[in-house]
Amino acid sequence: MKGTVLGIEGTAWNLSAAIVNEKYVIAEVSDMYKPPTGGIHPREAAQHHAKYASYVVKGVLEEAKKKGVDASDIDAISFSQGPGLGACLRTVATAARMLAISLDVPLVGVNHCLAHVEVGRWKTPASDPVTLYVSGANSQVLAYRMGRYRVFGETLDIGLGNAFDKFARSAGLGHPGGPQIEQFSKDASNYIPLPYVVKGMDLSFSGLSTAATAALKDNSMEDVCYSFQETAFAMVVEVTERALAHTGKNEVLLAGGVGANMRLREMLDIMCTERGANFYVPEKRFMGDNGAMIAYLGLLMYNSGNVIDVENSHVNPNFRPDDVDVTWLPRDFEEGRLS
Amino acid sequence: MNLTNGAEAVVRVEDGVLIKERVPKNYRLKELDERIRKERTKAEARLISEARRAGVPTPIIYDIENSTIKMQYIDGIALKHVIDEKLSEQVGILVAELHAAGIIHGDLTTSNLILFNDKIYVIDFGLSFFESSIEARGVDVHVLFRTFESTHRNHEKLIEAFCRGYRKEFEQADEVLERVKEIEKRGRYA
């Protein structure tokens, strides 16, 4: 696989530009929007991205130049086309279009969820995994089948990270909630029963988040955080296991910011060990939103002729991963793997 | 003989009797794990019997203890291997009968529908519950459509056929199918 691609991520809080080739992340420069209070304000996040877009792009080009890669060596520009916050997506898309026009190279619109999957396949030995992708906004179980990454299960309301954040804000823990909830969990002494909501292959977290908040009245922060984590993670691991059983695949890949949680990793590891499946977690820098994953999937798509005209490069805040034709994998990719 | 090593239970057949045992999941906290397994086993047995009473082919229950159910073994073929429009329409009729009886299956997949003696048996009521709301029925049908979409190429035709059958047997069908569309569109980021 040939080529060098510059990709820009900016679906939510992290604005990040990276340049990759088939082997390496040559350069990556990011700047995060940090809300002064509360959670992510979409307009403020977009204003942040607009303010720092030239900074991250210039930065990544300079860093690449130090490693001998010039702007003229770039074969394509890729960007997060969705899903994400509309205002943020539009800002990043504008930057990407400008770059593509000024460097006179093709533009590639990348599905953010699939970028998480593909960077995981790139940076771990996973080949044809069931991916558990859990972040602030997204919670999905994805796997490749017949030309597309299918969504086998997903949240019916809010993402798992968002459920943590909402609880954390009500509990006065601040944003983001996940790391603090994990910390408090370590000193818990009791499990408090909370709603365990798995509907077939789908999940729901909003009721759980509300119930956890209500449980704070009569229980310690430690016990509630612990019970919240145990319940929510058991739900996502259950659906991941069901997807393994249903597809007959034998690898699990963890993606998304919530994947930083050590207890979630432990639970997935136990489940995989008991099923005889392999469990893969990429390095932390490739788990949360990052420019490298957008550049890398951009490279895969560019190499398989999957580019778009500037005229047709509108963003899609509800861009579904199963709407994307997987042009970058061979057609017989999964043959012989399925039961 | 071990039939499947499913995600949730170990299912084996001994002398024509199917033994479904919900095995402990060590990734889950013991307390939570036991609660889930026991609740699901008890509920499953009750719902299987209720569904039969409503006219839906399901296995006959022989015995229940802790997290183990002994029941009739349906020696057929999973619909995921043979589904076509005609069968999908029949599935629509069966799901209508379940819903009219106040039962939500909760895990309608083409692996949980078994073709046996020219009848479609509905199995695995492990996630089923009693509810008569449009929302719960909508989610139930939505789950099935999602399996069509995720595992069958001609899913649009299958969905159409299902709706034909579902409308035939259930007067609230239109309302439910309308809700299914709404559930699909609901504001998820993904």
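Modeller: What follows is a walk through the sheets, the helix packing and the chain contact.

Biologist: Before that, what kind of model is it, and how are things numbered?

Modeller: This is a predicted model, in which local features need pLDDT of at least 70 and side-chain atom pairs count only at pLDDT 80 or more, while totals for chains, interfaces and linings use all residues. Residues are numbered from 1 along each chain as its sequence is written, and chains are lettered from A and ligands numbered from 1 in the order in which they are written.

Biologist: OK, chain A: in what order do S3, S2, S1, S4 and S5 sit, or rather, which of them are edge strands?

Modeller: The five strands form an open sheet of chain A in the order S3-S2-S1-S4-S5, with mixed pairing. The edge strands, each pairing on one side only, are S3 (25–32) and S5 (107–111) of chain A, and the twist averages 20° from one strand to the next. Strands here are DSSP runs of E with at least two residues, helices are runs of H or I with at least four, and both are numbered from the N terminus; two strands pair if DSSP finds at least two bridges between them.

Biologist: And how does S1(A) pair with S2(A) and with S4(A)?

Modeller: S1(A) runs antiparallel to S2(A), joined to that strand by six bridges, and a hairpin of four residues connects the two. A:Thr4 has A:Asn21 in S2(A) as its bridge partner. With S4(A) the pairing of S1(A) is parallel, over four bridges, and A:Gly7 stands opposite A:Ser78 there.

Biologist: Are the S1(A) residues buried or exposed?

Modeller: Six of the six residues of S1(A) are buried, where buried stands for 20 or more other C-beta atoms within 10 Å of a residue's own, exposed for 12 or fewer and partly exposed for anything in between, with C-beta atoms placed from the backbone. A:Thr4, A:Leu6 and A:Ile8 point one way from the strand, whereas A:Val5, A:Gly7 and A:Glu9 point the other way.

Biologist: What about S2(A) and S3(A), how many bridges there?

Modeller: Seven bridges, in the antiparallel sense, pair S2(A) (residues 14–21) with S3(A), and A:Asn14 has A:Met32 in S3(A) as its bridge partner. On this sheet packs helix H9 (residues 291–303) of chain A, which touches S1, S2, S3, S4 and S5 of chain A and has a direction at about 135° to that of S1(A). Contact between two residues is counted if their C-beta atoms, placed from the backbone, lie within 7 Å; axes are lines fitted to C-alpha atoms, for helices over the stretch in contact, and angles run from 0 to 180 degrees between N-to-C directions.

Biologist: How do H3(A) and H9(A) cross?

Modeller: Their axes come within 8 Å and cross at roughly 85°, which makes H3(A) roughly perpendicular to H9(A). The scheme counts angles under 35 degrees as roughly parallel, over 145 as roughly antiparallel, 65 to 115 as roughly perpendicular and the rest as oblique. Among the residues that meet are A:Leu114 and A:Trp122 in H3(A) and A:Tyr296 and A:Leu300 in H9(A). By class, this contact has ten nonpolar residues, one polar and one charged, with Ala, Val, Leu, Ile, Met, Phe, Trp, Tyr, Cys and Pro counted as nonpolar, Asp, Glu, Lys and Arg as charged, and the others, Gly among them, as polar.

Biologist: Which strands are in the sheet with S6(A), and what packs on it?

Modeller: That open sheet of chain A has five strands in the order S8-S7-S6-S11-S12, again with mixed pairing. Its edge strands are S8 (148–154) and S12 (278–280) of chain A. S11(A) and S12(A) are parallel, over three bridges, and A:Leu253 stands opposite A:Tyr280. H3(A) packs on this sheet, touching S6, S7, S8, S11 and S12 of chain A, and its direction makes about 120° with that of S11(A).

Biologist: Switching topic, how many residues of chain B are in contact with chain A?

Modeller: There are 24 residues of chain B in contact with 35 residues of chain A. On the chain B side, H4(B) gives the largest share, five residues, and that side divides into eleven nonpolar, six polar and seven charged residues.
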